[in-house]
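Have a look at the sequence and the model first, and then follow the points in order.

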Amino acid sequence: ILFNKLAKEDKSYEEISSLNYFNEWLIGFIEGEGSFYFIQDKDKIRPKFSICQKYDKIILDAIKNKINIKGLVHKEKNDMFRLKCQSKDELQNLISFIETSKIKFQGLKDIQYQEWCDKMRSLKYYKNCLINK
């Protein structure tokens, strides 16, 4: 709700992502709205991350800016926006952000994240994303 108010005050995504509490807020937002998963792409398994927000694309633009994700924020049906993280560099940036955060995931999201990281370790191309983990 706080970020909905900021978006309505015509803050840029750079201003939003530079707020002194943004990193901590983002960990909580990922915990509530983020998804860590894998897809089968031909003969390869690929790790993915996505996060959604209804109405406020600028929030996802701020997340994209903070984590350094190159992909676009896509509009889906019902005014839902989605940001996907899928390249090796983007995933490495995401993991680095999560691992260096002062706040850690709790409960089920922590289990999901740990299992996602464990499976990534078994994928030759992606295991270097977890170099510090």
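1. A word to settle before we start: a residue is called buried when its relative accessible area is under 20%, exposed when it is over 50%, and partly exposed in between. Please also keep in mind that this is a predicted model.

2. With that in hand, turn to helix α4, which spans residues 57-67. Its buried residues are Ile59, Leu60, Asp61, Ala62, Ile63 and Ile67.

3. Now step back to the whole chain. How many helices and strands does the chain have? There are six helices and four strands, and starting at the N terminus their order is α-α-α-β-β-α-β-β-α-α.

4. On overall dimensions, the radius of gyration is 15 Å, which agrees with the value near 14 Å that a compact globule of 133 residues would have. The C-alpha atoms fill a box of roughly 45 × 35 × 25 Å along the principal axes. Buried residues account for 36% of the 133 residues. Looking at contacts with a separation of 6 or more, 56% of them join residues 24 or more positions apart.

5. For the surface, the chain exposes about 8,000 Å², and 49% of that comes from carbon and sulfur atoms. The charged side chains number 25 positive and 19 negative, with the centres of the two sets 5 Å apart.

6. The largest nonpolar core has 33 residues, and Phe36, Ile63, Leu94 and Trp116 touch the most other members. At least two residues of this core come from each of α3 (22-33), β2 (44-54), α4, β4 (80-85), α5 (88-100) and α6 (107-121). As a general background, nonpolar side chains tend to be buried together in soluble globular proteins.

7. Beyond its neighbours within four places in sequence, Trp116 is in contact with Phe36, Tyr37, Phe38, Pro47, Lys48, Leu91, Leu94 and Ile95.

8. Is Leu26 buried or exposed? Leu26, which belongs to helix α3, is buried, because its relative accessible area is 0%. Leaving out residues up to four places away in sequence, Leu26 touches Ile63, Lys66, Ile67 and Phe97. The C-alpha atoms of Leu26 and Ile98 are 9.4 Å apart, although 72 residues separate the two along the chain.

9. The phi of Asn68 is near 65°, a positive value in a residue other than glycine. Asn68 counts as partly exposed because its relative accessible area is 38%.

10. Asn93, in helix α5, is a partner of that spot: Asn93 touches Ile67 and Asn68, not counting residues up to four places away in sequence. Asn93 is partly exposed, with a relative accessible area of 27%.

11. Finally, visit Tyr55 in the loop between β2 and α4. Tyr55 also has a positive phi, near 75°, and is a residue other than glycine. With a relative accessible area of 55%, Tyr55 is exposed.

Technical notes:
Residues are numbered from 1 along each chain as its sequence is written. This is a predicted model: local features need pLDDT of at least 70, side-chain atom pairs count only at pLDDT 80 or more; totals for chains, interfaces and linings use all residues. Side-chain values use heavy atoms; hydrogens and water are left out. The radius of gyration is taken over C-alpha atoms; the globule rule is 2.2 Å times the number of residues to the power 0.38. Buried means under 20% relative accessible area, exposed over 50%, partly exposed in between (1.4 Å probe, protein chains only). Contact means heavy atoms within 4.5 Å. Accessible areas come from the Shrake-Rupley method with a 1.4 Å probe; for residues, only the protein chains shown count as cover. Lys and Arg count as positive and Asp and Glu as negative; His and the chain ends are not counted. The place of a charge is taken as NZ of Lys, CZ of Arg, CG of Asp or CD of Glu. A nonpolar core is a set of buried Ala, Val, Leu, Ile, Met, Phe, Trp, Tyr and Cys residues joined through side-chain atoms within 4.5 Å.
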